[in-house]
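Student: I have a structure open and want to go through it with you. Can we start with the charged side chains and then move to the strands and the packing?

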Amino acid sequence: MAPPSRSLDARAAGPLSSQRRAVSGGFIPGLGDAPAFTLTRPPRLGLPVLVAVPHAGRAYPDHVTARMRDPGHAQLRLEDRHVDRLAIAIAREAGAALLVAHAPRALLDLNRAPGDIDWDMIEGGRPADLPAHIAVHHGNARARSGLGLVPRRLPGSGEIWRGRLSRDELTARIEGIHTAYHAMLSDELARIRQEWGVALLVDLHSMPPLRAGEGEARAPLVVIGDRFGASCHNRLAGRALAHLETRGVTATHNRPYSGGYVLDRHGAPQDGTHAVQIEVCRTAYLDRNLAEPAAGLPAVAAMLTSLVRELGAEAARIGGAHALRQAAE
């Protein structure tokens, strides 16, 4: 069962708190009552859209940082640094709901299945009595690559941690962060779908710079992922790519990022719940060290806001007459 949600005060909720209702949920093991995520909603949704940010969390317990071999480097590589700032602007301007994780990806990756575990990094190894929903994912390639539910190593950098993680700590992270986050995400999408007849999840990420593909003049600034058509109506990806092209933004579709567990779990277009992943290049809105916001952040936020508005309007059209009436009111 997911831990109960708790209301946030105005300071914790951030700049949206004066206009939007904020609810926190889950907990970060080692940080007392610190919430694992925050959901904010406007008084009335302008579009049937929930923007989610699973990888921008920066709330590190001291004992976790102490176990990192190179904390600064690992945090910078693992985080979608400051993409939550983009999401806040998008949600505010588009009238969308917003779910932001505060728990860092280093503790637990919300875009991985609960069974994507590298048991070699857990004290005692793989238990014989794994729950069915975890056992079915045992041996997943993500975990073997070092980027499973709890990241173990970074490409080109090696091991992240000193020592192994206790089973109790792993269980606490799964229950306090993963289970609670996905329960909140599922509930909010259901609420939007009930209100509008359709719901669109925009899973927002950032990516390191890509290289231009063969025959391409510029590297992609944005990647649209839809699990190769499985997580949303095909009109949504097409609309996104066309919208970006008219604005001179280079973009690719499912290459090299098609989405992950979030889209697999929550995208159900046959039931009226659509999910897309948007990756934006970090060089477009961060400084040269890819660490702090730069002058380009407002322009990128505006570009993504226009894209989310376009996708939300298309989702409403896909949802039919009821959703269109909601958008027009």
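Predicted model: local features only at pLDDT ≥ 70, side-chain atom pairs only at ≥ 80, totals over all residues.

Student: Which residue does arginine 239 meet in a salt bridge?

Tutor: Its partner is glutamate 310, with an N to O distance of 3.5 Å. The two belong to distant parts of the chain: glutamate 310 is in helix H10 and arginine 239 in helix H8, 71 residues apart.

Student: And glutamate 310, buried or partly exposed?

Tutor: Glutamate 310 is partly exposed, at 23% relative accessible area. The cut-off for buried is under 20%.

Student: What network does this belong to?

Tutor: Salt bridges with shared partners join Arg235, Arg239, Glu310, Glu314 and Arg317 into one network.

Student: Are arginine 235 and glutamate 314 buried or partly exposed?

Tutor: Arginine 235 is partly exposed at 38%, whereas glutamate 314 counts as buried at 2% relative accessibility.

Student: How many salt bridges are there by this rule?

Tutor: The count comes to 18. Another of them joins arginine 112 to aspartate 109, where the closest N and O atoms are 3.8 Å apart. Arginine 112 is buried, with a relative accessible area of 5%, and aspartate 109 is buried too, at 0%.

Student: OK, strands now. How many residues of E3 are buried?

Tutor: Five of the five residues of strand E3 (residues 37-41) are buried, so the strand is largely enclosed by the rest of the structure. Both of its faces are covered, with Phe37, Leu39 and Arg41 on one side and Thr38 and Thr40 on the other.

Student: Which strands pair with E3?

Tutor: Strand E2 (residues 21-25) runs antiparallel to E3 and is joined to it by five bridges. Strand E5 (residues 97-101) is also antiparallel to E3, with four bridges between them.

Student: What about E11, how many of its residues are buried?

Tutor: Nine of the nine residues of strand E11 (residues 273-281) are buried, and the strand is mostly covered. Thr273, Ala275, Gln277, Glu279 and Cys281 point one way, and His274, Val276, Ile278 and Val280 point the other way.

Student: Which strands pair with E11, and in what sense, parallel or antiparallel?

Tutor: Strand E8 (residues 199-207) runs parallel to E11, with nine bridges joining them. In that pairing, methionine 207 has cysteine 281 as its bridge partner. Strand E9 (residues 222-225) pairs with E11 in the antiparallel sense over four bridges, and valine 223 stands opposite glutamate 279.

Student: Switching to the packing. How many residues are in the largest nonpolar core?

Tutor: The largest nonpolar core has 50 residues, and Leu50, Leu99, Trp161, Leu170, Tyr181, Leu185 and Leu201 have the most contacts inside it. At least two residues of this core come from each of E3, strand E4 (49-53), H3, E5, helix H7 (167-196), E8 and helix H9 (261-266).

Student: Which element gives the most to this core?

Tutor: Helix H7 does, with ten residues.

Student: What is leucine 185 in contact with?

Tutor: Leaving aside neighbours within four places in sequence, leucine 185 is in contact with Leu50, Leu99, Leu201, Val262 and His266. There is also a second, separate core of 40 residues, which includes Leu47, Val53, Ala96 and Val222.

Student: Last one, H3. Which of its residues are buried?

Tutor: In helix H3 (residues 71-78), Ala74, Gln75 and Leu78 are buried. Seen down the axis of H3, these buried residues fall within an arc of 100°, so they line one face of the helix.

Student: What do the buried residues of H3 pack against?

Tutor: They pack against helix H2 (62-67) and strand E6 (153-154).

Technical notes. Residues numbered from 1 in each chain as written. Heavy atoms only, no water. Buried < 20%, exposed > 50% of the residue type's maximum accessible area, 1.4 Å probe, protein only. Arc of directions from axis to C-beta. Contact = heavy atoms within 4.5 Å. Pairing = 2+ DSSP bridges. Core = buried A, V, L, I, M, F, W, Y, C linked by side-chain atoms within 4.5 Å. Salt bridge = Lys/Arg side-chain N within 4 Å of Asp/Glu carboxyl O.
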